[in-house]
Each structure stands twice: as structure tokens, then as C-alpha cells.
Amino acid sequence: MKIKYKEDIEVPVKKVSELGKLSGLMFRTKETKSLLFEFKNKTRLGIHSFFVMFPFLAVWTDKSNQVIEFRVVESFSPIIRPKKPFTKLVEIPLNNKNKKIVEFFVGEGKV
């Protein structure tokens, strides 16, 4: 998936099913793939990181993959929601495999 923010960046993702939207990164390891959540309509649906044992980068985009907002989410955080509606959410685990992607958004030394 190509995400547009300052310049385009390619993020390998696994699209989650409707059922997968309920669990996201919960109960997975830090080495799991980045997850893509797609919604038919714009939403401000909140997420949480209960039972996610590692930090991850949440990137909210519009239907054309233009970044609306991004945030590093720590383990066991309560409701997190972007300020503006979105149609896609990408959850990117903070790990060595995703180091360049995370540094693209939040800067060096954050992984």
C-alpha cells in the first residue's frame, strides 16, 4: 500500500477481515505484519491497545491514502481516535522490519 505523506512511502500490509477489525494487533507478536483496516464510510472510530504487548504506529488516511493523522500508540492505552474522520487505518508494529517506515513518520531513534 502506498501512503502519501510529504512524499509517498510503500507500506506492506495485510488487509483485515470484518472479524479481524475486532482484534487488530491484540495477542500478536511484535514481528507480525502491518494491518490495514478499511471502512466503507468516513468514521472517527476509536481504537485501544489493550492486550497489545508492544508499541505500534497508527496511521489514519483518507480513501486516496493521504495521511490525516498518525500517532505512536503504547501498550494498554485506552481509546485513541484521530481529530478528523478517516476511511483507512494502518497499524504498524514498531520493530526492526518496519524501522524505515516508522522513522519516515516520527524521525530517527524512535524504534
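Author: A salt bridge is a side-chain nitrogen of Lys or Arg within 4 Å of a carboxyl oxygen of Asp or Glu. This model is predicted. In it, the side chains of Lys21 and Glu18 meet in such a bridge, at 3.0 Å from N to O.

Reader: How many salt bridges does a search of the whole structure find?

Author: The search finds four. Among them is the pair of Arg71 and Glu69, at 2.5 Å from N to O. Another joins the side chains of Glu38 and Lys88 at 3.8 Å. That pair links distant parts of the chain, with Glu38 in strand β4 (residues 34-43) and Lys88 in strand β7, 50 residues apart.

Reader: Is Lys88 buried or exposed?

Author: Buried means under 20% relative accessible area, and exposed means over 50%. Lys88 has 13%, so Lys88 is buried. Glu38, at 25%, counts as partly exposed. Glu18 is exposed, with 58%.

Reader: What order do the strands of the sheet have?

Author: Strands of a sheet pair through backbone hydrogen bonds, either parallel or antiparallel. Here five strands form an open sheet in the order β3-β4-β7-β5-β6, and the pairing is mixed. The twist averages 25° from one strand to the next.

Reader: Which strands stand at the edges?

Author: They are β3 (13-15) and β6 (67-73). Each has a single partner strand, so one side of each is left without a neighbour in the sheet.

Reader: In what sense do β5 and β7 pair?

Author: Strand β5 (residues 56-61) and strand β7 (residues 86-93) pair in the antiparallel sense, over six bridges. In this pairing, Ala58 stands opposite Glu91 of β7.

Key:
Residues are numbered from 1 along each chain as its sequence is written. This is a predicted model: local features need pLDDT of at least 70, side-chain atom pairs count only at pLDDT 80 or more; totals for chains, interfaces and linings use all residues. Side-chain values use heavy atoms; hydrogens and water are left out. Two strands pair if DSSP finds at least two bridges between them. Helices (H or I, at least four residues) and strands (E, at least two) are DSSP runs, numbered from the N terminus. Axes are lines fitted to C-alpha atoms, for helices over the stretch in contact, and angles run from 0 to 180 degrees between N-to-C directions. Buried means under 20% relative accessible area, exposed over 50%, partly exposed in between (1.4 Å probe, protein chains only).
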